[in-house]
Every structure is written in structure tokens, then in C-alpha cells.
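Have the sequence and the 3D view ready, and follow along.

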Amino acid sequence: MKYYLLSTLFVFVVSIQVGTSQCRDFAKTNCKPKLENYVHDGNYNGVFLNQQEEVELHKAFFTGQEYRIVVGGEEHMPKIHFKITDSDQNLIFDNEESNYIDHFDFELDEAKTLVISLDFIKEEPTGLKLESGCVSILFGMKL
């Protein structure tokens, strides 16, 4: 019984490491080039998501700085819907209004913590298996 529990724990830890590494590689190869002339902040915010899950990321931004946010998901996943709000829930950007574009460039008048929330476009159920895959959010700034 003891060996069974240790084996299960080992497989669980290894699968988490493989998933994290897979999403980091996805972010480096598919999302980082979309930062173009913005300098990457060095953080690879990637997560393995199921099609029906939603995530939020909170991040501080400063005045006088131009930023780009890039959101990407693996090709077999549905399009990603992302919104950016401030801490008072005021909408700053919704990519649904821009044909689900995968990036947003902005500059703030005052320093704020913004909330980036994302999910997948909801489609009619087709009876097919729900997909899961890597999703990443990268931040860049102009120097």
C-alpha cells in the first residue's frame, strides 16, 4: 500500500512538471514572437486549461510606460476571449469587440493593478470530447 501511494504521488508530480514545461515551451515559441518590438518582462504565465475553465491574473502596471499583453492558446483549442478590467471592475478592453485579437497595446494615466480574465469562446455542444491545452499570457513593454 505504501509503495502504491508513493508511485501515485510520483506520477502526479511528474505530470505537473511535464504540463508546466509544455506550456512554458508553448509560450516561448508561439506567444513571445507576438510581443514584436516590446521587451518581454521575463515571466511565462502559462497554464494547462480545460475548455470550460476560466482564469484570472492580477498584475500591476505603471504610468508612462507602453505595454503589450499577448494571449495565446494551442491551435486545437477554441479561440480565447479575454477581458481587462481595473480593480473596480471598470472594463478597459474586451477582445470580443475586436474580433478576438490576441494582443492589446496600452498606456495608463495612473498606476493600477489590472485584472486579465480569460476563457474560451462558448460554442454549441457538439457531443465531442472537451479539449484541454496550454494557454499563456505574456507581458511586454517599450523601453
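Two strands count as paired if DSSP finds at least two bridges between them. Strands themselves are DSSP runs (E, at least two residues), numbered from the N terminus. One thing to keep in mind: this is a predicted model, where local features need pLDDT of at least 70, side-chain atom pairs count only at pLDDT 80 or more, and totals for chains, interfaces and linings use all residues. Residues are numbered from 1 along each chain as its sequence is written, and side-chain values use heavy atoms, with hydrogens and water left out.

Now look at β8, which has these pairings:

| Strand | Pairing with β8 | Bridges |
|---|---|---|
| β3 (residues 55-61) | antiparallel | 7 bridges |
| β5 (residues 80-86) | antiparallel | 7 bridges |

F82 sits opposite L118 in β8.

How many of the 9 residues of β8 are buried? It's 7, so the strand is mostly covered, because buried means under 20% relative accessible area (exposed is over 50%, partly exposed in between, with a 1.4 Å probe and protein chains only).

T85 belongs to strand β5. This residue counts as buried because its relative accessibility is 12%. Leaving aside residues up to four places away in sequence, T85 touches N90, L91, I92, L114 and V115; a contact means heavy atoms within 4.5 Å.

For a contrast, find D109 in the loop between β7 (103-107) and β8 (112-120). Its relative accessibility is 80%, so D109 counts as exposed. The C-alpha atoms of D109 and Q65 are 9.5 Å apart, with the two residues 44 apart along the chain.

How values were computed
Helices (H or I, at least four residues) and strands (E, at least two) are DSSP runs, numbered from the N terminus.
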